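Please consult the sequence and the structure shown below while reading.

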Amino acid sequence: MSDRRTFLAGASGVAALHFFGATEAAAATDEEKRNLEIVAGFCAAWSTRDSKQILSFFANDGVYRMSETTPPVTGHSGIMEKLGSWLESSDKGIEFKILDSWARGPMVFNHRIDSFRSTTRPLTWEGVGVFYVKDGKIKEWSDYTIKVQRPS
């Protein structure tokens, strides 16, 4: 019986290590490194509040979903329809702080805190972004909310 328990404990421990990221130490491929750089550049571009610079990372027919509860929008005009007001109202600055980021092939995942500093509608958003990168551009971007803070 003790041999069986030892085996099961060892097997479940190996499975847990795999599940909880012990394999994360594996080196990213060149494609994954490029995709991570594209998404990091996109996140950094928000600090410029320059819509042309931000959209330059996006495919012309790119799709954006602001949160798990909102419908997606398509193309640069749809993206700006969703995000343009945040660029305008964040008169004190915007920062996308990447806490963690990883890639698997064309998919990039990041855990971020986005700060929209504003005199009229400040907001701090924490969540996970999922990006599909194709041909050097963000083809799809969906955000999933962990926490939203609106100073009162």
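Rings of Phe, Tyr and Trp (its six-membered ring) are taken as a pair if their centres lie within 6.5 Å; planes under 30 degrees apart count as stacked, over 60 as edge-to-face and the rest as tilted. By this criterion, the structure holds 13 aromatic pairs. The model is predicted: local features need pLDDT of at least 70, side-chain atom pairs count only at pLDDT 80 or more, and totals for chains, interfaces and linings use all residues. Residues are numbered from 1 along each chain as its sequence is written, and side-chain values use heavy atoms, with hydrogens and water left out.

**Aromatic residues**

| Pair | Centre to centre | Angle between planes | Geometry |
|---|---|---|---|
| Trp46 and Phe116 | 6.4 Å | 85 degrees | edge-to-face |
| Trp86 and Phe116 | 5.0 Å | 50 degrees | tilted |

Helices (H or I, at least four residues) and strands (E, at least two) are DSSP runs, numbered from the N terminus. Trp46 lies in the loop between α2 (30-45) and α3 (51-55) and Phe116 in strand β4 (residues 107-117), so their pair ties together parts that are 70 residues apart in sequence. Trp86 belongs to helix α4, and its pair with Phe116 in strand β4 therefore ties together parts that are 30 residues apart in sequence.

Buried means under 20% relative accessible area, exposed over 50%, and partly exposed in between (1.4 Å probe, protein chains only). Trp46 counts as buried because its relative accessibility is 1%; Phe116, at 8%, is also buried. Trp86 is buried as well. One aromatic cluster includes Trp46, Trp86 and Phe116, with Phe42, Tyr64 and Trp141 also among its members.

The charged end of Arg121 sits over the ring of Trp86, 3.8 Å from its centre; this term requires NZ of Lys or CZ of Arg within 6 Å of the ring centre and within 35 degrees of the ring normal.

**His76**

His76 lies in helix α4 (residues 75-89) and is partly exposed, with a relative accessible area of 23%. Contact means heavy atoms within 4.5 Å. Not counting residues up to four places away in sequence, His76 touches Leu55, Phe58, Ala59 and Asn60. The C-alpha atoms of His76 and Phe58 are 7.7 Å apart, although the residues are 18 apart in sequence.

**Ser118**

Ser118 is located in the loop between β4 and β5 (123-134) and, at 8% relative accessibility, counts as buried. Apart from neighbours within four places in sequence, Ser118 is in contact with Ser89, Ser90, Asp91 and Lys92.
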